[in-house]
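Thanks for coming, everyone. Please take a look at the structure on the screen before I start talking.

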Amino acid sequence: MSSRKLRIAFIHPDLGIGGAERLVVDAALGLQKLGHSVDIYTSHHDPGHCFEETRDGTLRVHHVVPPFPRAIRGKLHILFSHARQLHLTCHLLSPSAPSHDVYFVDQLSTCIPFLRIGAHTRVLFYCHFPDKLLADGAYVEGRARPKGSLLKRIYRLPMDTLEELTTKQADTVLANSQFTARVFKEQFRSIDVTPRVVYPGINLDAYTAVNVDRTDSDINRILSDRPTLLSLNRFEQKKNAALAIDAFARLRKTLAIKGDSSSRSLRLGLGGYDPRLLDNVKTLQALLDNAKTHDLTYSITTPSTSTVALPSLPSEAVSSTGEPEILFLLNFSTAQRSALLTSPSTLALLYTPANEHFGIGPVEGMVCGLPVLACDSGGPTESIIDQPSVDRTGWLRRPDPEVWAEALVEIVSMSDEERRQLADRAKKRAREKFGMEAMARDLENALQETVAKGPVPTPFSLWIALALLAVLLACTTRIPT
């Protein structure tokens, strides 16, 4: 494979703090480290709600502000997503835009045929998961897709068709897990190619030998000597953060019945919030109600750099004295996330989504040596080793609060030696299989192969269409004598 250094353009719709955004950032960092020129183009980038590398100059980010909203009264999300990406595509195809050797597109495939024909440039598409399955909430493998109302089906039909047709135009298709690749083949039957799996990788250096600045008020606000369980997913209904609260409440009761005094000192940390998304707002309120149902006190905080305002809540619902049992951390910073994951008081990472496409959370937990408890479906079954117990890096359990509470009893009861051995195994697996360097090399190979296919020729059908248009214009234009 040629070692030619490439000019790579990443096209990502919303550069926030989700798992897909973390992959894009780490992929860009890894390729940049290999000597390639990398630019990221996006329709939304809020410096107060993004990863640090996208705002401190480490990566070149081009925020092209679209004239379209994200939605109207919480509706028509996908329609406006297409419109926003087409606006971004027009910017990339303008005469003043810089040229690139290859485009890296993820999440939305709408732009692919336009980039290929307009820029005569090859496109690699990285599939996190088919959007047609995300529209109906959490996907459950083997279960029929919810049909929804007739109006919604009429609305989604052209969108789903467009997704498949445009994805089919990609020169190379990658997927983030074997699970996603299998679902891709099942859902896009007209696409012959089987996606090549390139696992997301993380910057291992960001999770090792972290020097926590205890003078940082944002970090002081969240760290505690109390034994802590973490769940750092976004507040979305499909992420099922309620499972963590329910299991945590049952764990406390189980330990109390056994006479274990540690039940009173345990706390749970939850994070990830975007007030622009109605699902986030509703889910956070539901989680707060769930905490009150279990008589668990809580507090809500957000980093000082965040532009996210704290939601207005009844004061009596929030713990005002002492440390609460649950900490809701909205829009956590990179420093806060690293501090929590590497804190000696953190006992485990709880990863609650079922049928997750890949899930970078378990890998982050493993590289920090944390026991990880996750659902026994989707991507985590490829990253976590549950059995045999001598090779264990985490626990895979069905999403049932009682079952999770039983696993948590086992986790919090581990001896120091058992915890050390599991940490060694988890770190070793994370480094060997999910390091950023391994991902960057795999992506580099895929991008080089894509570029090696040469410039995209103008389709013959387009030449025919242009010729017919010229004839039509000639016939309808009066030529003066």
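This is a predicted model: local features need pLDDT of at least 70, side-chain atom pairs count only at pLDDT 80 or more; totals for chains, interfaces and linings use all residues.

I will go through some strands first, and then a pair of helices.

Let's start with strand β5. That is residues 122–127. R122, L124 and Y126 point one way. V123, F125 and C127 point the other way. Residues on both sides are buried.

Now the neighbours of β5. On one side of our story is strand β4, residues 102–106. Five bridges join β4 to β5, and the two strands run parallel. How does the chain get across from β4 to β5? It passes through helix α3, residues 112–119. This is a β-α-β crossover, and it is right-handed. Two pairs to find on the screen: V102 has R122 as its bridge partner in β5, and V105 has F125.

The next partner is strand β6, residues 172–175. It pairs with β5 over four bridges, again in the parallel sense. Find Y126 here; it stands opposite L174 in β6.

Back to β4. Is it enclosed or open? Five of its five residues are buried, so β4 is largely enclosed by the rest of the structure. Both of its faces are covered. One side has V102, F104 and D106. The other has Y103 and V105.

β4 also pairs with strand β1, residues 7–12. Four bridges join them, and they run parallel.

Now the helices. Two packed helices are described by the angle between their axes and the distance between the axes. Our pair is α2, residues 77–92, and α5, residues 150–168. What is the angle between them? About 40°, with the axes 10 Å apart. Angles under 35 degrees count as roughly parallel, and 65 to 115 as roughly perpendicular. α2 and α5 are therefore oblique to each other. Their crossing is left-handed.

Which residues make the contact? From α2, we have H77, I78, L79 and H82. They meet Y155, R156, M159 and L162 in α5.

To recap: β4 and β5 run parallel, joined by five bridges. α2 and α5 pack at about 40°. Thanks, and over to you.

Key
Residues are numbered from 1 along each chain as its sequence is written. Side-chain values use heavy atoms; hydrogens and water are left out. Buried means under 20% relative accessible area, exposed over 50%, partly exposed in between (1.4 Å probe, protein chains only). Two strands pair if DSSP finds at least two bridges between them. A crossover is right-handed if, with the strands pointing away from the viewer, the path from the first strand over the helix to the second runs clockwise. Axes are lines fitted to C-alpha atoms, for helices over the stretch in contact, and angles run from 0 to 180 degrees between N-to-C directions. Angles under 35 degrees count as roughly parallel, over 145 as roughly antiparallel, 65 to 115 as roughly perpendicular and the rest as oblique. A crossing is left-handed if the near helix is turned anticlockwise from the far one by less than a right angle, and right-handed if clockwise. Contact means heavy atoms within 4.5 Å.
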